[in-house]
Amino acid sequence: MTPSTKLALSDAERAQADGELFDFLRIPSVSADPAHKADMQRAADFLSSKLTSLGFAARVEATAGHPVVYAERLTDSAAPTVLIYGHYDVQPEAPLEEWQTPPFEPTVRDGRIYARGATDDKGQAYAHIRGVELLLSQGELPLNVKFLLEGEEEVGSANLEPYLRQHAEALACDAIVISDGSRFAPDVPTVTYGLRGLSYVEVLVQGAGRDLHSGSYGGAAPNPINALAQIISKLKDDKGRITIPGFYDNVEELTADERQMWARLPHDDAEFAESIHARGLSGEEGYTTLERLWARPTLDVNGIWGGYQGEGSKTVIAAKAGAKISMRLVPGQEPGRITKLAQDYIPTLAPHDVKVEVRAMHGGQPVKIDLDNPYVRAAGRALEQVHGKAPVFTRGGGSIPIVAAFREVLNAPVVLLDFGLNADAPHSPNESFALEDYHNGILTSAALMVELGALGS
Ligand code: BES
Ligand code: MN
Ligand code: MN
């Protein structure tokens, strides 16, 4: 097959691809919840048997956490080798009552599959498996294909990096392809060339040794919730800049070219606010919304607890309070260093009568991909074949912790080819994936492999 041969899915192939994805989505593979340990194994086995049926040498490999699925089909040592990465774990379904149909009973409404993991990342990862199957239905694969599918992305991928280093030789490849993010807009094919990193900490504030009557003690005793609110309020200034000393050291500034390229994208702040049903937007002064999302670091409280949360009122001063804080990082920032800076600084913001502890949770390196390489250009051509127009190049605000390690350990370029949309509501209730996006993902994956095969190794 030449790169220009038009690929298509028959109705029967489409129905089969949908049915298999639904089976995959029915497995509640929530990596964060130990109660789902057996489901993680089931999801891994599901992928491994599917890949085996496609003629791959597939195995499910145990790690210190959830298993890794590795599969390879090596057709020609002279041809290029692509490694396709994805994750079979999903975010917890909570809050369950907000789902219109159950999270692990995939349901189609208005052309969209509703289920936890539909877009992040089961649907996008499975599109590659069906893309390979589509090519195989027409003959042999034009290149060597390796799949690496992990079960711990949503909890920080801590066990994948050691796996990667141990199996660096087996995983050797010319390029790594990942579909685990969002394209810019419904009618805009996208190649993503950057992801933010992450530093995640938990702040614990201790006041008195027990909860206290707020009348008998209020006004004199320490109040950890008040203290936490004070701490949080000091973490950003009135220009939206983070106050942690050294936080912005070495932050790579946007180039004028990038700013111009992003300014030309079809974006409207009012529409963006409307798309999330918000009254408005806010962020760091001096940057546009897209710049704030893709090229600037952030600090956001993700959760906060303390005191009485039940019905009615209870007059009590809590003994403890806490907050979970995510900091999204950009090129130039190192997660370990940022975590340390936060750990040193946050306790200094507290009033003297409470004790503050800042615990490191997990992190991930930011990445920026050089667009000037043949694999990225091949992805652009594959998208153009399927969508009839050339892609735009954007960065993404989220994090895929293993990407930086891929580049370093495998020394191969990463291609981020996203099939989903932010509007698919990943991590939220009623996550979905448009059937059309899934099917186009399958076609794009197949087209990309033909393009990569034609590059030679
Ligand atoms: N698929 C996302 C990452 C993503 C989101 C990339 C949006 C591009 C745009 C991934 O599954 C994810 O949610 N990652 C976590 C990583 C964390 C748990 C270490 C994230 O970004 O919060
Ligand atoms: Mn994901
Ligand atoms: Mn995710």
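This is a predicted model: local features need pLDDT of at least 70, side-chain atom pairs count only at pLDDT 80 or more; totals for chains, interfaces and linings use all residues.
1. Local features need pLDDT of at least 70 and side-chain atom pairs count only at pLDDT 80 or more, while totals for chains, interfaces and linings use all residues. Residues are numbered from 1 along each chain as its sequence is written, ligands are numbered from 1 in the order in which they are written, and side-chain values use heavy atoms, without hydrogens and water.

2. H87 (NE2), D120 (OD), D180 (OD) and D180 (OD) coordinate the manganese ion (ligand 2) at 1.9 to 2.6 Å. Donors are N, O and S atoms within 2.8 Å of the metal (3.2 Å for Na, K and Ca); water is not among the atoms, so sites may look incomplete.

3. D120 also coordinates the manganese ion (ligand 3), 3.5 Å from the manganese ion (ligand 2). H87 lies in strand β3 (residues 81-87) and D180 in the loop between β7 (175-178) and β8 (190-195), so the pair ties together parts 93 residues apart in sequence. Strands are DSSP runs of E, at least two residues, and helices runs of H or I, at least four.

4. H87 is buried at 1% relative accessible area, and D180 is buried at 11%. Buried means under 20% (1.4 Å probe, protein chains only).

5. The second largest pocket has a volume of about 210 Å³. Of its 17 lining residues, E161, P335, G363, G364 and Q365 are the closest to its centre. A pocket is an open set of points on a 1 Å grid where a 1.4 Å probe fits, with protein on both sides within 12 Å along at least five of seven lines; lining residues have an atom within 4 Å of a point. β14 gives the most to this lining, with four residues.

Methods
Grid points are joined across faces, edges and corners, and a volume is the space filled by probe spheres set on the points. Buried means under 20% relative accessible area, exposed over 50%, partly exposed in between (1.4 Å probe, protein chains only).
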